[in-house]
Amino acid sequence: MLRQTTRLAALLLASAAPFALAAQEAATETDEPAAEIVTPDETDAPDATEVEEEAATEEEATEAETEEDAPEEPADDEAGETDEGEEETEAQARAPAPQPEVGTDWPFYGGGPGATRYSPLDQITRENVAQLERAFVYHTEDLPEGTAEGKYSPEVTPLKVGDDLLMCSAMNILISVDAATGEENWRYDPGVPNDAIPYGASCRGVSLYTNPDAAEGDPCATRVIEGTLDAKLVAVDAETGAPCEDFGENGTVDLWQDIGERVPGWYAVTAPPTVVRGVVVTGAQVKDGQAEEAPSGVIRGFDAVTGELAWAWDLGAPEANRNGPPEGEVYTRGTPNMWTAGVADEELGYVYLPMGNSSVDYYGSNRSEAENEYATSLVALDATTGEEVWHFQTVRRDVWDYDLGSQASLVDWQGTPAVILPSKQGDIYILNRETGEPLTPVGELTGLPKGEIEPNYISDTQPISEWHTLRKEPLEPKDAWGFSPLDQLWCRIQFHRANYQGFYTPPSSDKPWIQYPGYNGGSDWGSVAVDTERGIIVANYNDIPNYNRLVPREEVEGVPIYEQGERGSGPEGAADPQIGAPYGISVNAGWRNGATGMPCVRPPFGGIRAIDLETGETLWDVPLGTARRNGPFGIPSFLPWKIGTPNNGGSVVTASGLIFIAAATDNLFRAIDIETGETLWSDVLPAGGQANPITYEVDGRQYVLVTAMGHHFMETPVGDEVIAYALPESD
Amino acid sequence: MSAHGFSASESHSRARPNWGVKVIGIICLLLGLVLLAGGVWLIVLGGTWYYALAGLGLAISGAMLIANNIMGVWVYALTWLGTMIWAWFEVGDDWWAQVPRMVAPTLLFIIVLLCLPALYRARSTPRPTL
């Protein structure tokens with residue numbers, strides 16, 4: 001039925017455009033179970049463990065989890081010197097370095113070191129924001145060519161340090177631009193080929209590292225570091241763009257090392273690495289849905305100066321592979337990966353890693369115990385040793401592709417150093433940064449349906465945040481939507497034909513099932529912004545179901561990426577093969593009507609809300625995005641009214657009480673009053689604004705900047721613009 | 001639903017058949033039958049009866065319009081009224097949710113009402129043929 005829909009769509013629709021639902025980007029990337037660790041019958045055992053753990057609720061969970069991994073214990077000590085971690089490299093010896101603060105500069109992907117996306121700047125105010133005008137528009141000139149057509153989703157957020165903006169383009173060209181004029185200082189093209197594009201060509205950002213041992217003016221004293229789609233770490237001099245000769249081989253470290261056979265597009269870095277205690281920490285996106293025997297989700301730390309491997313955290317063999325796998329072997333294949341951005345506490349020396357699910361997202365019986373333990377968890381590693389400190393799991397036995405996509409944020413919460421973790425299910429958790437213990441109440445759903453596909457694997461309990469969730473009430477038949485009774489009726493028929501038992505309805509194959517929220521629900525890679533002064537979390541979110549079906553092996557048409565001759569030649573809309581599992585997976589992301597391209601459920605499809613950081617209460621909640629670019633058959637309706645579109649990309653909050661955000665599929669960049677949720681100003685972008693904005697200051701003038709580069713999954717127009725706004729010069 | 005271009009021909013004063021009304025009638029009949037068929041399917045699946053009933057009303061209205069019967073307009077009016085009441089009952093003042101429920105049926109209602117002059121003329125003009 002799904003397939004019918006898909007075909008119908010192909011026939012009737014030229015291009016189902018604008019009602020773009022969603023962010024798969026975020027959602028899509030995963031990993032898989034490592035073939036080696038797959039023990040056929042782990043089903044029961046792990047279940048028991050997990051249930052116990054979580055049953056013990058909040059704090060217990062973390063502890064129990066940690067225990068399981070016997071080798072490590074919650075290391076609280078600052079330097080992370082556990083007894084066993086001794087054999088680590090010199091990175092360990094590194095002391096915490098002073099971290100640059102956000103304000104005049106935007107030195108980290110998430111603003112300040114804690115990734116709160118909050119800026120103390122206040123020149124642009126609620127009163128004068130309406131006067132904002134474009135200060136400059138810079139073009140990266142990186143636009144899709146050839147086989148890259150239709151695959152661009154740059155999602156780029158620049159850094160600003162000193163006088164410069166530092167960024168990457170969709171295909172990983174590193175660029176420095178004058179932050180006041182938009183003039184290019186330099187660029188360095190690492191030459192990423194089109195066939196390296198995994199799901200989409202994304203480079204969310206870059207990271208900086210200043211070598212404490214280098215004198216000012218030394219080459220690469222401060223370096224820009226990025227991970228590329230063809231899985232390299234690249235370091236160049238922040239001043240000149242020249243590759244750092246001391247880093248790896250002439251500025252490049254090959255991340256395919258010890259991963260296994262090189263299959264372009266299967267293993268790619270799309271997020272900025274996290275630098276902590278002189279160690280560059282990165283995961284990678286492993287393309288979803290291909291095979292259980294997928295590249296490892298290993299997390300690796302490299303010396304920020306030399307590019308040498310400092311440690312590896314292979315969740316399938318954490319001890320054995322800490323310094324890399326033995327000669328001739330590879331990191332445990334198929335393990336959950338981290339495709340999004342981590343965040344680090346330089347003082348503690350910990351790095352917080354939001355892990356995704358295994359690569360075969362929708363079938364779990366073959367997964368190893370270690371996969372079950374760590375999938376869809378926030379993992380804290382001691383970045384000096386690579387040892388796990390704690391982890392906190394948000395989904396037990398994830399068969400919904402609920403990867404953690406949001407970068408976590410570090411705050412002090414009621415006097416405790418804390419980490420804020422939003423999820424795709426919409427739950428917002430606040431955890432103790434040192435121990436992983438929840439500081440806010442974590443509840444327990446019980447008696448959840450187990451389905452018929454793998455009832456022994458599916459967990460009938462799940463944790464939820466009782467402090468705050470962005471999730472809405474379950475769907476009802478009357479939520480079916482369209483532009484006329486006819487297409488609405490079709491959606492309503494589909495509703496009744498599907499399996500739907502509310503939140504966490506398990507996968508099915510005889511009938512489709514409705515997954516709500518879908519994998520692009522809740523908070524994604526745009527994450528949340530936290531106004532630490534006012535005590536407000538600003539969260540934009542999606543509210544979108546998926547309509548899925550497990551496809552029996554014999555019906556699966558798609559071939560895995562390693563068998564595709566030409567990249568991207570897999571049939572559009574065909575099921576992902578999930579080789580190794582008995583089923584492929586067909587996902588109708590956003591549950592769209594095949595005939596019209598419109599969503600099958602009523603709007604809003606996304607919103608933005610303010611949450612009281614003390615109490616978790618909603619202060620206001622409004623739809624985000626107007627209907628101007630959306631309509632049936634992909635025809636823009638030009639309706640100026642707020643409908644609440646799907647949105648991906650986060651916000652920035654300023655001390656003056658403004659929220660800046662693009663994200664929605666209406667291609668508007670807007671300023672919202674943090675007190676009321678009212679939109680005070682907006683500008684039409686030349687392309688989709690699916691990226692996190694930033695704000696900074698040069699010579700006393702505050703700028704707000706966003707990249708408008710479009711997004712294939714969100715079906716917004718592609719562009720190459722970097723647009724800075726400021727108040728008119730007062731002379 | 002997006003039928004346009006009927007209104008021009010609808011009221012030719014010549015004593016010819018009302019092609020405009022016929023076309024509108026055919027559209028209503030076809031839409032009604034599709035809605036009826038889908039609506040019956042929905043009932044079988046355990047869903048609401050609304051679509052089948054609305055489809056039935058629309059189909060009857062269409063058949064009458066094709067036959068130049070002014071009752072077709074009133075049958076549609078009744079269907080439309082029922083639709084509005086049902087729509088309000090289901091989702092109230094959630095106006096985005098009302099879009100598929102109210103907009104197209106109302107546009108169609110306006111179009112059907114446009115048939116009235118031609119149908120009145122047809123009634124007052126002795127037409128030996130039928």
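I looked up Asp427(A) to begin with, and it stands opposite Thr469(A) in E26(A). This is a predicted model, where local features need pLDDT of at least 70, side-chain atom pairs count only at pLDDT 80 or more, and totals for chains, interfaces and linings use all residues. Residues are numbered from 1 along each chain as its sequence is written, while chains are lettered from A and ligands numbered from 1 in the order in which they are written.

**Strands of chain A**

I noted what counts as a strand or helix: helices (H or I, at least four residues) and strands (E, at least two) are DSSP runs, numbered from the N terminus. Two strands pair if DSSP finds at least two bridges between them. E26 covers residues 468-469 of chain A, and two bridges join this strand to E23(A). The two run antiparallel.

Next I checked the other neighbour. E22 (residues 416-422) of chain A pairs with E23(A) in the antiparallel sense, over five bridges. I picked out one bridge: Ala418(A) has Asn432(A) in E23(A) as its partner. E22(A) and E23(A) form a hairpin, with four residues between them. In that turn, Gly426(A) has a positive phi of about 95 degrees.

Why is E23(A) largely enclosed by the rest of the structure? Because five of the six residues of this strand (residues 427-432) are buried. I count a residue as buried if 20 or more other C-beta atoms, placed from the backbone, lie within 10 Å of its own.

**Chain B**

I turned to chain B and found five helices and zero strands. Along the sequence, the pattern reads α-α-α-α-α. Chain B has 130 residues, of which 37% count as buried.

I then looked at one helix pair. The axes of H1 (residues 19-44) and H2 (residues 50-66) of chain B come within 6 Å and cross at roughly 160 degrees. Axes here are lines fitted to C-alpha atoms over the stretch in contact, with angles from 0 to 180 degrees between N-to-C directions. H1(B) and H2(B) are therefore roughly antiparallel, a term for angles over 145 degrees. The contact of H1(B) with H2(B) has 21 nonpolar, seven polar and one charged residue. Ala, Val, Leu, Ile, Met, Phe, Trp, Tyr, Cys and Pro count as nonpolar, Asp, Glu, Lys and Arg as charged, and the others, Gly among them, as polar.

**Between the chains**

Last, I checked where the chains meet. How many residues of chain A are in contact with chain B? I found 18, facing 22 residues of chain B. Contact means C-beta atoms, placed from the backbone, within 7 Å. The chain A side has 10 nonpolar, four polar and four charged residues.

Technical notes:
Contact = placed C-beta atoms within 7 Å. Buried ≥ 20, exposed ≤ 12 C-beta atoms within 10 Å, placed from the backbone. Parallel < 35°, antiparallel > 145°, perpendicular 65-115°, else oblique.
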